[in-house]
Amino acid sequence: MAVSALRRTAGAAGAQIVGVGAYRPVGAVESALIAERFGRTGEWVRERTGIESRRVAAGGETTTAMAVAAGRRAVDHSGLDPAGVELVIVATCSAEAPLPGLAAAVACQVGAGGAAAYDLNAACAGFCYALGVAADAIRAGSARVVLVVGTERMTSLVDPADLGTSIIFGDGAGAAVLTAADEPGVGPVVWGSDGSAADLIHIPDGGLMHMAGQAVFRWATTEIHPIAVQACERAGVRPADLAAIIPHQANLRIVKAIAAKLGAPDAVVAADVVEAGNTSAASIPMAMDRLLAEGAVAPGGLALLIGFGAGLTYAAQVVRMPARVPVLA
């Protein structure tokens, strides 16, 4: 008997970002207040991290609730019907519980009930990982509209007695809507990991976060720049063509060090970390939302996204910013 060939699904030529959104918790904690616990000053924290304040979620501002709020704003910004979203990917390392994942609840609550949905944990590189997977799903024909959310309640993972992490991390969520496009609006992802150094950022069983800050700083400022250059090369653009550089908002010193090596003097460098702190997988979409809403980057401009963090994981891609301007919430 002849074996029938499986039918091939027709995909799209490319994927594009058509909407972004963010959720920033109402509560904010100034660096001076945290520094006081350790006999330091706000200026001491700012010199080392560039962080002036960070958003801290209240009781009802769960990882899921923040993801839903950011997701709704991204869908609203896109102008699309949420019922048309076919896939929801939630990047997080701070879910309220290991089971179930957040994505199915997020899909339901944003109005995309029935969409395929799953969580992805690549820590601070999670949004770039999820964006790359979403773009590939669209090109392969597995989905035509995808909602990608980065959401974190990092303060729930931090030991309040630990200076190194207490002054860094904050809470929040950011999201992007991707659709099929005739031309690529999301460049090829350059990604990888270095598991030999996974213990530099980890949470021991039943414990809270441990981070070897100096070692992470050295890794980020020496190893990530070549990844960013490679992402530009694979997208067929020069660093000088970039309108924005949006690294993971680890701290301002790392952000500036990476940007300074790229040779993109006219590009705006995202600095959402100053007011939001390090929000892990949420930091890049939150920064994208702020840059667009404040008019720092023109709609349609090219932006380099660079995620890196625990694992050690990293990912980068060049994207074209959405053509519409969101309202900063």
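The legends below describe close-up views of a predicted model.

**View 1. The open sheet of five strands.** In this view, 5 strands form an open sheet with mixed pairing, in the order β8-β14-β13-β11-β12. The edge positions are held by β8 (190–193) and β12 (268–269); each has a single partner strand, so one side of each is left without a neighbour in the sheet. Strand β11 (residues 244–247) runs parallel to β12 and is joined to it by 2 bridges.

**View 2. Strand β14 and its two partners.** Strand β14 is mostly covered, with 7 of its 8 residues buried. On one pairing, β8 and β14 run antiparallel and are joined by 4 bridges; here Gly192 stands opposite Tyr314 in β14. On the other pairing, 8 bridges join β13 to β14, and these strands also run antiparallel. Ala303 has Val319 of β14 as its bridge partner. Strands β13 and β14 form a hairpin in which 3 residues lie between them. Gly311, located in the turn, has a positive phi of about 140 degrees.

View 3. Helix α7 (residues 213–235) lies across β8, β13 and β14, and runs at about 40 degrees to β14.

**View 4. The enclosed strand β7.** Strand β7 (residues 171–181) is largely enclosed by the rest of the structure, because 11 of its 11 residues are buried. Strand β1 (residues 14–23) is joined to β7 by 9 bridges, and the two run antiparallel. In this pairing, Gln16 stands opposite Thr179 in β7. Strand β6 (residues 145–153) is likewise antiparallel to β7, with 9 bridges joining them. Thr151 is the residue that stands opposite Ala173 of β7.

**View 5. Ser78 in helix α3.** Ser78 belongs to helix α3. Is Ser78 buried or exposed? With a relative accessible area of 10%, which is under the 20% limit, Ser78 is buried. The side chain of Ser78 reaches the backbone nitrogen of Leu80 at 3.1 Å.

View 6. Ala83 is found in the loop between α3 (63–78) and β4 (87–91). Ala83 counts as exposed because its relative accessibility is 56%, and the exposed class begins over 50%. Ala83 and Val110 are 27 residues apart along the chain, with a separation of 8.6 Å between their C-alpha atoms.

**View 7. Glu52 and its contacts.** Glu52 occupies the loop between α2 (42–49) and β3 (53–55). Its relative accessible area of 40% makes Glu52 partly exposed. When neighbours within four places in sequence are left aside, the residues in contact with Glu52 are Glu30, Ser31, Arg46 and Val274. The C-alpha atoms of Glu52 and Gly42 are separated by 7.5 Å, and these residues are 10 apart along the chain.

Note on methods:
Residues numbered from 1 in each chain as written. Predicted model: local features only at pLDDT ≥ 70, side-chain atom pairs only at ≥ 80, totals over all residues. Heavy atoms only, no water. Buried < 20%, exposed > 50% of the residue type's maximum accessible area, 1.4 Å probe, protein only. Pairing = 2+ DSSP bridges. Contact = heavy atoms within 4.5 Å. Axes fitted to C-alpha atoms, helices over the stretch in contact; angles between N-to-C directions. Polar contact = N/O pair within 3.5 Å; in protein donor to acceptor, adjacent residues only side chain to side chain.
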